[in-house]
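I opened the model to look up a few local features and wrote down what I found.

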Amino acid sequence: MSADTFVERAQALAPLIAAHADEAERERRLPAPVATAFAREGLYRVGGPREFHGAEADPMTQIRVIEAVSRADGSAGWNLMIGIETFGIISAGFHKCPDLIADPMTVMASSTAAVGRAERVAEGWLVNGQWQFASGVHNAQIFGATVRLHENGEEVEPLNRYAIVPSEQIEIVDTWHVAGLRGSGSHDVRLTDVVVPDEHIISAMGGTRSESPLLRIPLGTRLAYNKVAVALGIARAGIDVFVDVATEKHPRFSDRKIRERPFVQRTLATAEARLRAVRASVFDIVETVWDIVLRDEEVPARERALLQIVCSDAVRTSAEAVDAVVEAAGTTANKLGHPLERIARDVRVVRQHFTVAPHHIEDGGRVLLGLEAEGLMLRMVTAGGLARAAQPPAERQPDA
């Protein structure tokens, strides 16, 4: 299947996504028909290795798919983005339990926001804990909980693992009371004395290798560029809506539409130019990194720094472009339920996410000046492990 096919599928879902956006906002979760459509069209698995039931689409395609969905609704785009990341990075660890992801309609959720405890018992591991920010968990059939393994009260190894648990054994804790991206359903998940068999304890994020070049992308890099896709899609929607507002709105005390104001014209032109510029920069550096990965070479620190700088700047610029058109739209954009009001809330959340936060720009500058990176994002050197904690040697999959 061609890369364009997945983008076309994402674009074709826009009416369905938009039709359920208000429900997502109200219920604080992604409506089931949208999640089912994502799974049916293969979108959750677009970034997964082919040998593990993924489509193995290149990073640029992943960005375009997420961007198209986010243009229809930011929360849906965020939900899909997390699903793509989760399956893409974790699925190779299922070589001991491939049946859990054999069904293409199986959706996976996970969380690395906390580390639970898994204690050795006769039947496997007894897992307890509570994990935050489990986006899309209401529509998932399996959940990956980050845990540390213990035996006789002692830690077995200072390494994180994933405990894979069926959805009927998890408790969703209603904690997602937020302003932006309300529909992403990023609630907590609690596990209480759940027994997980040995074969369902797999390597943590970045701890498994396969022949797929996608798993040779530096982990920090991969966690950054898909977040940008959400921001780009939301910002594009913001500009689209603003053009409609400016074309139709007659402000008080004026007999002309606001599109005739030079300030409005300049605001739109500037927002359009800045959004297009950062989008082009994102694709340029992502394509550069992808070419390096396809040559089976390690991505140099300079390119990783440039990608992080560009991604953080693109998210910030996307938010600023939305802020600018919201200001120019006047009080219209302040009305609850107006698309611009929701778009403004949603895009700010992306800017706040750790992986694309603005302080990474400074750390990228350090690297460009020949200094060591200080932040976690640029210390995630390879997809084989995390810098903040030692990880197990990456597991090479057996030959088919």
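**Ground rules.** I worked from a predicted model, where local features need pLDDT of at least 70 and side-chain atom pairs count only at pLDDT 80 or more, while totals for chains, interfaces and linings use all residues. I number residues from 1 along each chain as its sequence is written, and side-chain values use heavy atoms, with hydrogens and water left out.

**Entry 1, α7 and α8.** I took helices (H or I, at least four residues) and strands (E, at least two) as DSSP runs, numbered from the N terminus. I looked up how helix α7 (residues 219-248) lies against helix α8 (residues 262-294): their axes come within 11 Å and cross at roughly 160 degrees. Axes here are lines fitted to C-alpha atoms, for helices over the stretch in contact, and angles run from 0 to 180 degrees between N-to-C directions. The two helices are therefore roughly antiparallel, a term used for angles over 145 degrees. Their crossing is left-handed, meaning that the near helix is turned anticlockwise from the far one by less than a right angle.

I then checked the contact (heavy atoms within 4.5 Å). On the α7 side I noted residues including Tyr225, Leu232, Arg236 and Phe242, and on the α8 side residues including Leu268, Glu272, Arg276 and Val282. By class, the α7–α8 contact has 16 nonpolar, one polar and four charged residues. Nonpolar covers Ala, Val, Leu, Ile, Met, Phe, Trp, Tyr, Cys and Pro, charged covers Asp, Glu, Lys and Arg, and polar covers the others, Gly among them.

In helix α1 (residues 3-12) I found Phe6, Val7 and Ala10 buried; buried means under 20% relative accessible area, exposed over 50%, partly exposed in between (1.4 Å probe, protein chains only). These residues cover an arc of only 100 degrees around the axis, so they sit on the same side of α1. The arc is taken from the directions from the helix axis to the C-beta atoms. Their cover includes α2 (14-19) and α5 (59-72).

I located Ser91 in the loop between α6 (74-90) and β1 (108-121). Is Ser91 buried or exposed? Ser91 is buried, at 0% relative accessible area. Leaving aside neighbours within four places in sequence, I listed Pro49, Phe52, Thr86 and Ile101 as its contacts. Ser91 and Phe52 are 39 residues apart in sequence, with 6.3 Å from C-alpha to C-alpha.

His53 is not a glycine, yet has a positive phi of about 65 degrees. His53 lies in the loop between α4 (32-40) and α5 and is partly exposed, at 39%.

Notes:
Parallel < 35°, antiparallel > 145°, perpendicular 65-115°, else oblique.
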